[in-house]
Amino acid sequence: MRTMLKRKFILVLALLSVALTVQAQTGSISGKVIDAKTGEEITGATVYLKGKMHLGTMSDFEGRFLMENIPYGSDTLVVSVMSMANFIKPVTINSTTTLVIDVALVESITEIETVVFTGKVKPKTIASVYLEQKKLAYSINGIAGDAFKEIPVSNSGEALKLVSGATIQGGKFAIIRGLNERYNLAMINSSPLPSTEPEKRAFSLDLFPSNMLDQLLIVKSGSPEFPGDWAGGIILLRTKDVPEDSFFTIGMSSSINSLTTFKPFQQTEKLEYDWIGMGNKARELPDGFPSTQDIFTAKNTNRAQLADYAKMLPNRYAFSETSALPNASVNVSGGKSYKLGKSDKNRLGVIFSALYGNSRAFKPAERYWWTTNGMRALRYTDSTYESDTRLGAMLNFTFKLGKKSTFSLKNTYNHNGEDQFTKRSGARDAEGTFLRSFSYQYTYNRMFYTQLSGEHVFSPSTEKKKDRPVFDFASSTLNWEASYGNTLRNMPDYRNVEYQSQDPAEEPFRLKLLPQNGSEDVSRLFTSLNEDIKGLSIKLETPYEFNPMWSGSIKAGYVHQFKNRYFNGRFLSYSRPSTGFKFDLLQLPVGVLFDPSSFFYNGSGGPNGILMDEITRPYHSYFAQASLNAGFVQIETKYGLKHRLIYGARMESYHQVLESKGQNGEDIRIDTIWKNVLPSVNYVYELNDKTNIRASYFRSLSRPDFRELAPFSFLDFQTFSILKGNPDLKLTTIDNAEIRYEVYPKPSEVYSISVFYKRFENPIELLLDNSITLGAIGRLYANLPLANSFGIELDFRKKLSFIDSMTHASFFSQLTVYGNLTYIKSTIDLQGQTNTFNAKRPMQGQSPYIVNIGLQWDSKNDKWTASALVNRYGERIYNVGTATLPDIYEKARTVVDMQLSRKLAKDRLEVKISLQDLLAQDLLYFFDYDSNKKYGVTEDRVVYQYKMPRTIGFGASYKF
């Protein structure tokens with residue numbers, strides 16, 4: 001295996017060395033477009049070269065434009081704006097120096113045919129995000145592809161911390177405006193993503209590599225065209241679109257983990273396809289393995305057969321020690337635009353990206369549990385070793401048919417295999433016993449998404465303006481989309497083994513094997529979750545104009561979505577006969593304990609060995625499906641030059657079905673239809689061409705998810721918790737309001753302040769359950785009566801060039817400071833609730849504050865870039881307490897990241913070094929006994945405490 005990796009590494013280095021000899025023969029054109037009569041900047045002017053239209057761009061809201069990577073030669077520059085005469089100028093590119101051409105456009109007296117460039121304004125730049133943020137009717141915050149390079153991020157989860165009001169929990173789940181993952185929605189290219197988690201409604205953002213994204217946006221105010229099932233934010237993942245010019249890039253990265261790399265690392269047996277993250281098949285139940293009923297029958301009639309059944313499962317409990325190598329990944333991406341036929345009007349664009357990476361992490365942790373009077377009930381020390389391998393690919397096609405139609409086919413595939421081995425030691429103080437246990441968990445996650453969409457612009461009206469109809473149907477735009485997504489999460493052969501001793505000094509540890517009946521302490525669990533989501537939508541937008549001061553558009557559409565989920569669990573265990581058992585087996589090491597020689601049965605007189613047992617229950621599987629039919633109408637009204645009002649409503653009919661079994665085997669069928677009308681209104685006042693004042697109101701909702709309803713109980717060894725669903729959950733309705741003031745001084749600068757309020761009726765939260773057993777924490781979903789959330793957000797990005805003008809220096813113009821600050825106060829109405837420790841508390845997952853501050857330096861020649869980012873969030877509730885146990889909080893934590901990059905070989909080669917989590921503060925969860933929402937060493941009690949590593953990263957990419 002190492003030889004194969006070494007050969008791949010040498011091959012990549014060879015490619016890079018060859019590529020360094022490639023010489024760039026390209027230049028660029030920049031300038032500013034203004035109105036010749038008024039001198040005002042013109043936004044949205046189309047700028048292109050007649051012979052290279054695919055390089056075209058548009059002027060930003062300062063009137064500036066930039067076209068890059070223009071091959072040497074002569075061409076004709078064209079700048080056009082509706083109702084103004086085209087600017088046409090011959091140009092010659094023969095140098096890498098940027099050609100500067102300023103353009104003054106004059107008003108056209110006659111109707112002019114204007115060439116419409118159907119691309120977008122450099123969608124990968126932060127300036128384009130701000131331009132979209134300024135022009136849209138609803139509130140968004142986001143980052144673009146170029147921002148991903150400023151700090152060390154490898155996936156969309158890590159990148160999320162750059163967005164105002166957002167944090168990430170567990171490295172993968174989004175918390176937006178203080179609301180946890182169940183109140184947020186993830187979408188890819190306008191289609192909802194299926195859930196990746198069996199235990200919660202959430203999309204694991206770490207599955208999506210950042211190099212596949214053009215933009216990551218968060219929608220924060222409602223619009224009828226968006227789904228209604230959210231409250232915190234809608235995460236829009238936009239994959240890369242048609243390339244503006246051909247490119248091919250290859251990159252490599254590696255990182256050193258301070259707790260792991262070059263240190264002893266314990267791992268379990270590696271199987272054939274583990275190296276590409278697809279080792280789940282070999283771990284599944286073998287062909288011909290007996291059914292649940294077969295094992296129950298053999299238990300009552302033929303115990304010798306139970307021993308034979310046990311021999312069918314491979315003995316994969318051994319582990320070995322190696323030295324952990326650095327984490328590594330390689331990625332390639334490319335794109336090309338093809339002219340179809342003789343005209344540039346018909347073009348096919350293709351873009352692809354692929355990623356392969358593997359990583360190792362050692363995660364030491366301390367775990368505790370406490371009685372209702374604050375006495376310690378148990379204490380564990382965990383050593384967890386994780387190996388993660390992931391593979392991702394993206395392939396997008398866009399076909400432009402003239403000026404009127406665009407068709408897109410976008411495909412994304414990601415999978416990862418995570419092999420986790422945990423050794424645990426400790427004591428159950430309340431029982432007076434000591435334990436040593438082992439957990440083996442391999443998890444395979446796969447996501448596939450495909451979307452076919454079309455945009456069609458009808459022929460603009462050729463009638464004179466004064467004769468055009470009020471509703472100009474001929475100028476309508478039709479958008480349609482069909483999508484399919486699938487997520488698969490397999491956990492084959494999740495194994496737990498526990499040894500126990502009353503006094504390790506006096507007696508050895510013995511396997512905790514019960515007579516006659518098996519238990520979860522020595523078990524093998526096989527689970528599979530498969531979820532499909534299919535979607536179809538159509539939208540029609542028609543402009544209208546009553547007079548030059550009163551115009552707008554009407555947009556109407558229909559959306560259908562259908563999803564189904566299959567969850568299957570098979571729970572096996574081991575037991576011993578009540579008589580004649582060979583007790584020496586219980587002292588065997590875990591690596592040889594489950595060898596076939598340990599399984600035998602010679603009758604009630606013995607000697608007898610270990611037997612297979614079945615602890616699968618009917619509620620360990622469920623089936624669920626849901627269908628959504630939604631229609632919406634949205635009206636945008638522009639009154640005068642400064643006022644915009646966007647209002648409408650969305651009608652959703654949602655039919656949800658879940659079938660499972662209860663604790664006693666009774667049939668459970670939940671069949672619910674919800675019909676909701678969700679109004680929204682957004683008002684935008686354009687104070688001037690750089691400043692907006694926004695106000696919005698919208699109603700949204702949060703439906704109980706499949707897993708939250710399912711009565712299935714699952715033991716999570718890592719957190720020693722048992723999670724149970726609640727079939728009695730009700731719908732949550734949310735009223736949302738926001739006011740925002742935003743200023744865009746320059747294309748890549750912003751200042752904004754937002755004030756928001758949310759009111760929740762019947763919010764769903766995860767509570768601690770009183771049915772607690774030693775070694776396992778009970779958790780249960782439940783509705784609470786009422787919650788309120790109030791917050792203030794500040795967002796800013798500013799170049800520090802103004803300091804140079806005051807000090808006559810030349811350094812500060814190279815610096816950009818950016819960040820966001822969020823303050824949130826939420827309260828849950830617990831009136832009449834008896835199962836609660838505190839009479840008043842925040843919502844689960846809500847931090848009182850979020851701080852993200854960054855500083856970026858770009859050298860004058862754009863060869864060097866350095867950045868530093870500080871992220872901090874306040875204490876937030878991890879689990880809600882009970883009448884006798886306080887809330888479990890996550891302690892506040894500060895993360896500091898830094899990165900330095902250098903461009904070489906005429907900017908084709910870029911190398912980076914990064915430092916992540918420099919402070920390496922522990923991740924700590926605690927019982928808040930004094931109810932002050934802060935961690936006190938003497939007053940509170942630690943529940944989980946994880947050591948966090950510092951990471952040094954190295955990377956290089958080459959653009960051919």
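Visitor: In β45, which residue is the bridge partner of R872?

Guide: The bridge partner of R872 in β45 is T894. The model is predicted, so local features need pLDDT of at least 70 and side-chain atom pairs 80 or more, while totals for chains, interfaces and linings use all residues. Residues are numbered from 1 along each chain as its sequence is written, and side-chain values use heavy atoms, without hydrogens and water.

R872 belongs to strand β42, residues 864–873. Strands (E, at least two residues) and helices (H or I, at least four) are DSSP runs numbered from the N terminus. Two strands pair if DSSP finds at least two bridges between them. With β45, residues 893–904, strand β42 pairs in the antiparallel sense over 10 bridges. Strand β41, residues 849–858, is also antiparallel to β42, with nine bridges. β41 and β42 form a hairpin, with five residues between the two strands. D862 sits in that turn and has a positive phi of about 60 degrees.

The side chains of β42 can be sorted by face. In a regular strand they alternate between the two faces of the sheet. The covered face of β42 holds T865, S867, L869, N871 and Y873. The uncovered face holds W864, A866, A868, V870 and R872.

Now for the setting. The chain has eight helices and 49 strands. Of its 960 residues, 55% count as buried, a word that means under 20% relative accessible area, with over 50% exposed and partly exposed in between (1.4 Å probe, protein chains only). Contact means heavy atoms within 4.5 Å. Among contacts with a separation of 6 or more, 72% join residues 24 or more positions apart.

Other parts of the chain give points of reference. Strand β17, residues 264–268, has four of its five residues buried, so β17 is largely enclosed by the rest of the structure. Five bridges join β17 to β18, residues 319–323, and the two run antiparallel. In that pairing, Q266 stands opposite E321 of β18.

There is also an open sheet of five strands, in the order β9-β14-β15-β12-β13, with mixed pairing. Its edge strands are β9, residues 140–144, and β13, residues 191–192, and each pairs on one side only. β9 pairs with β14, residues 213–219, in the antiparallel sense over five bridges. There I143 has L216 of β14 as its bridge partner. Helix α2, residues 126–135, packs on this sheet and touches β9, β14 and β15. Nine of the 10 residues of α2 are buried, so α2 is largely enclosed by the rest of the structure. Those buried residues include I126, Y130 and K134.

The last stop is a loop. G518 lies between β25, residues 510–511, and β26, residues 523–547. At 17% relative accessibility, G518 counts as buried. Its C-alpha atom is 4.8 Å from that of S575, 57 residues away along the chain. Leaving out residues up to four places away in sequence, G518 touches S573, Y574, S575, D613 and I615.

Methods
Axes fitted to C-alpha atoms, helices over the stretch in contact; angles between N-to-C directions.
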